[in-house]
Amino acid sequence: MDHLRFKIFPPLTDADGHRVKYLQPKGSRPRLYLVAPCLAEVLEGDAPLWLVEGEKKALYAAQLGLPSVGFTGIQGWHVRGSRDLLDDFDRLPLAGRVVELVPDGDAATNPDVARGAVTFGQALTGRGAQVRLVVLPVAA
């Protein structure tokens, strides 16, 4: 396996006071999270593709019957210092496909998430996708 990511529960607190909910090897790059039951539809289908922030939410979308792919955080679609889509996107048929982009619910209240969603959408549009932003309700 060339990629490992662990959910930490309860979260840890790093030296800077940030909550750490996930761990992966230092220096490893982000990867897309593919869900086995919908993989054929994701890779070969033409139904709308659901790009969902967070592995657990991507699993839930797949349980609803939606061809879904997870990404890790609103900046998890590119490597640091680049605005090019991850190489993982090369395998996804994006040209002419509707892509439902689903950031976390704080996209409506967090300017960083909102900016990240717009930038991600622009990169997908550059690959020919027809991007629609799905706005989730803010968690109470």
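A word on terms before the points: two residues are in contact when they have heavy atoms within 4.5 Å. Please also keep in mind that this is a predicted model.

1. **Overall layout.** The chain has three helices and seven strands. Read from the N terminus, its elements follow the order β-β-β-α-β-α-β-β-α-β. The radius of gyration is 15 Å, close to the 14 Å that the globule rule gives for 140 residues, so the chain is as compact as a globular protein of that length. Along the principal axes, the C-alpha trace spans about 45 × 35 × 35 Å.

2. Of the 140 residues in the chain, 37% are buried. Among contacts with a separation of 6 or more, 64% are between residues 24 or more positions apart.

3. **The sheet.** In what order do the five strands of the open sheet stand? The order is β3-β5-β4-β6-β7, and the pairing is mixed. β3 and β7 (130-133) are at the edges with a single partner strand each, so one side of each has no neighbour in the sheet. Leu34 has Val69 of β5 as its bridge partner. As background, the strands of a sheet pair through backbone hydrogen bonds, either parallel or antiparallel.

4. Strand β1 (residues 6-13) and β2 run antiparallel and are joined by four bridges. Thr13 stands opposite Arg19 in β2. Five residues lie between the two strands of this hairpin, and Gly17 in the turn has a positive phi of about 85°. While you are in this region, look at Pro10, which is in strand β1: the peptide bond from Phe9 to Pro10 is cis, with omega near -5°.

5. **Helix α2 has two faces.** Which residues of helix α2 (residues 55-63) are buried? They are Glu55, Ala58, Ala61 and Ala62. Seen down the axis of α2, these buried residues fall within an arc of 120°, so they line one face of the helix. Lys56, Tyr60 and Gln63 are exposed on the face turned away from that buried side.

6. Just after α2, Gly65 takes a positive phi of about 90°.

7. **Glu55, buried or exposed?** This residue of helix α2 has a relative accessible area of 13%. Buried means under 20%, so Glu55 counts as buried. Leaving aside neighbours within four places in sequence, Glu55 is in contact with Arg5, Tyr22, Tyr33 and Thr72.

8. **The largest nonpolar core.** This core has 25 residues, and those touching the most other members are Leu49, Leu51, Leu85, Phe89, Leu94, Phe120 and Leu124. β4, β5, β6 (98-102) and α3 (111-126) each supply at least two residues to the core. The largest share, five residues, comes from α3. Take Leu85 as an example: leaving aside neighbours within four places in sequence, Leu85 is in contact with Trp77, Leu94, Phe120, Ala123, Leu124 and Arg127. Apart from this core lies another, of five residues, including Val52, Ala58, Ala61 and Val134. In soluble globular proteins, nonpolar side chains tend to be buried together.

9. Asp2 is in the segment before β1. With 68% relative accessibility, Asp2 counts as exposed. Asp2 and Ser28 are 26 residues apart along the chain, and their C-alpha atoms are separated by 9.3 Å.

Notes:
Residues numbered from 1 in each chain as written. Predicted model: local features only at pLDDT ≥ 70, side-chain atom pairs only at ≥ 80, totals over all residues. Heavy atoms only, no water. Buried < 20%, exposed > 50% of the residue type's maximum accessible area, 1.4 Å probe, protein only. Arc of directions from axis to C-beta. Core = buried A, V, L, I, M, F, W, Y, C linked by side-chain atoms within 4.5 Å. Pairing = 2+ DSSP bridges. Rg over C-alpha atoms; globule rule 2.2 N^0.38 Å.
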